[in-house]
Amino acid sequence: MAYHTSALVFALFSIFFVSALAAPMTYNVVSLGAKADGKSDSTQAFLSAWKFACASVKPATIYVPAGSFYLRQVAFSGPCKNNAIIIRIDGTLVAPSDFRVIGNSGNWVLFEHVDGVTISGGILDGQGTGLWACKASGKSCPSGATTLEFSNSNNIVVSALTSLNSQMFHIVVNGCHNVKMQGVKVTAAGNSPNTDGIHVQLSSTVAILNSKIRTGDDCISIGPGTTNLWIENVACGPGHGISIGSLGKDQQEVGVQNVTVKTVTFTGTQNGLRIKSWGRPSNGFAKNILFQHAVMVECPESHCN
Ligand SMILES: *[C@@H]1O[C@H](CO)[C@@H](O)[C@H](O)[C@H]1NC(C)=O
C-alpha cells in the first residue's frame, strides 16, 4: 500500500515535472487583472506579467488578447532569468489621451537591459494628436514620449507591429546589439512634428525589413554609433525620407559605419536618402554606406494622405 502510494505520487510528479519543462509558461495579462476596455488602467497587470516572465528560468510568453488596453508609462526592465521572452499581442495598447500624463517621461513603453525579447503583432496607439496640436499652436508643450524604446538590450525581434500617432518618435533602438524588425507599420499624419518612424543609435547589427512607414518626420533616422545596419524593402512616405545624422554635433562622437539601404520607395516624401552633419568641429564620421535601388514617387500630400 505504502509502496503503491509513493509510486503513484512519483508518477504524477514526473508527469508534472516533464510537462513543466517542455511547455513555455504563458502569462495572459487579462488573467493578471488587465481590462480590455481601453480605459481601465492595465499598467500593473502588464508589469506583473513581465515580473513573472522575467523571473522564469525557462522561456516565457506574455499574451495580450484582442481588445484595447490602457497603459501609462511602463518600463520592462532586465536582466531576466531567461533569454527567451515572447510578447504576443492580438490587441491594442493605448496611451493616455491627455498628452501631459506621459509627455515628459521620455518614452511610453520601454524595454531596458533585456536579452532575447520578441514582440509579435499588436498595435501601439500613442494618442499623439493632442500634443501635435499643442506644438502647432505655439504654446509651451512637453516634448513628448517615444512610443516604443529598446535601450541597452540584445537579441530583439519585433514583427508585425503597428505604431499609430506617437507623441514623438515611434520606435527607438538605443545601445542595442542584434535587433530585427520586420513587417512593422508606422502611421502618423504627414504634418505631425518629430514623429520619426524608427530611430537607431549606438547600436550594432540591426535589420529593418519589409516595413511601411508613413509619418511626419524621418522615416528612419540613423544616429551616431550605428554599425552594421541593414534596411531592405521599406516603403516611406509621407515624411522626410531616410537620414543618417545629423552627425558631428559633439566634438567627440562615435561614427556611423556599414549601413546598407536597399530597395526602398519614397512616396510623397520631402527627401529621399540623406547624410546630414553639423557644421562644426567633430571626429564623427559616416563610412561604408550603400544606398541601392531607391525609387522616388512624386505625390502631392493631398493625394498621398
Ligand atoms: C556589414 O553589416 C552587415 C549586416 O548589416 C553584415 O552582415 C556584414 O558582415 C557587415 N560587414 C562588415 C565588413 O562588418
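**A first look at the predicted fold and its ligand site**

Val 30 sits in the loop that links β1 (25–28) to β2 (37–41); helices (H or I, at least four residues) and strands (E, at least two) are DSSP runs, numbered from the N terminus. The model is a predicted one, in which local features need pLDDT of at least 70 and side-chain atom pairs count only at pLDDT 80 or more, while totals for chains, interfaces and linings use all residues. Residues are numbered from 1 along each chain as its sequence is written, and side-chain values use heavy atoms, with hydrogens and water left out.

With a relative accessibility of 38%, Val 30 counts as partly exposed, where buried means under 20% relative accessible area, exposed over 50%, and partly exposed in between (1.4 Å probe, protein chains only). Apart from residues up to four places away in sequence, Val 30 touches Pro 65 and Phe 69; contact here means heavy atoms within 4.5 Å. Thr 146 is 116 residues away from Val 30 along the chain, and 25 Å separate the C-alpha atoms of the two.

The overall picture comes next. The protein contains 4 helices and 24 strands, and its C-alpha trace spans about 85 × 40 × 35 Å along the principal axes. Of the 305 residues in the protein, 47% are buried. The protein exposes about 14100 Å², and carbon and sulfur atoms supply 56% of that area; accessible areas come from the Shrake-Rupley method with a 1.4 Å probe, and for residues only the protein chains shown count as cover. Among contacts between residues at least 6 apart in sequence, 72% join residues at least 24 apart.

Two helices can be looked at in detail. Thr 43 belongs to helix α2 (residues 43–55) and, with a relative accessible area of 2%, is buried. The side chains of Thr 43 and Asp 41 are joined by a polar contact of 2.5 Å. Such a contact is a pair of N or O atoms within 3.5 Å; within protein, one must be able to donate a hydrogen and the other to accept it, and residues adjacent in sequence count only if both atoms are side-chain atoms. Setting aside neighbours within four places in sequence, Thr 43 is also in contact with Tyr 70, Leu 71, Arg 72, Gln 73 and Val 74.

In helix α3 (residues 129–136), the buried residues include Leu 131, Trp 132 and Cys 134. These residues cover an arc of only 160° around the axis, which puts them on the same side of α3; the arc is that of the directions from the helix axis to the C-beta atoms. After α3 comes Gly 138, with a positive phi near 80°.

Several backbone details are worth a visit. Gly 78 and Pro 79 are joined by a cis peptide bond with omega of about 0°, and Pro 79 lies in the loop between β5 (74–77) and β6 (85–89). Another cis peptide bond, with omega of about 15°, joins Gly 245 and Ser 246; Ser 246 is part of strand β21 (residues 242–247). Although not a glycine, Asn 210 has a positive phi of about 50°. Asn 210 lies in strand β18 and is partly exposed at 43% relative accessibility. Asn 288, likewise not a glycine, has a positive phi of about 55°. This residue is found in strand β24 (residues 286–297) and is exposed, with a relative accessible area of 54%.

Thr 215 occupies the loop between β18 (204–214) and β19 (220–222). At 0% relative accessibility, Thr 215 counts as buried. Beyond residues up to four places away in sequence, Thr 215 touches a list of residues that includes His 170, Val 186, Asp 196 and Pro 238.

Finally, the ligand is surrounded by Asn 228, Leu 229, Trp 230 and Asn 258, each counted as near if one of its heavy atoms lies within 4 Å. Taken alone, the ligand exposes 360 Å², of which the protein buries 41%. Strand β20 (residues 227–236) gives the most to this shell, with 3 residues. By class, the shell has 2 nonpolar, 2 polar and no charged residues; Ala, Val, Leu, Ile, Met, Phe, Trp, Tyr, Cys and Pro count as nonpolar, Asp, Glu, Lys and Arg as charged, and the others, Gly among them, as polar. A polar side-chain atom of Asn 258 is 2.3 Å from an oxygen atom of the ligand, and a polar backbone atom of Asn 228 lies 3.5 Å from a ligand oxygen atom.
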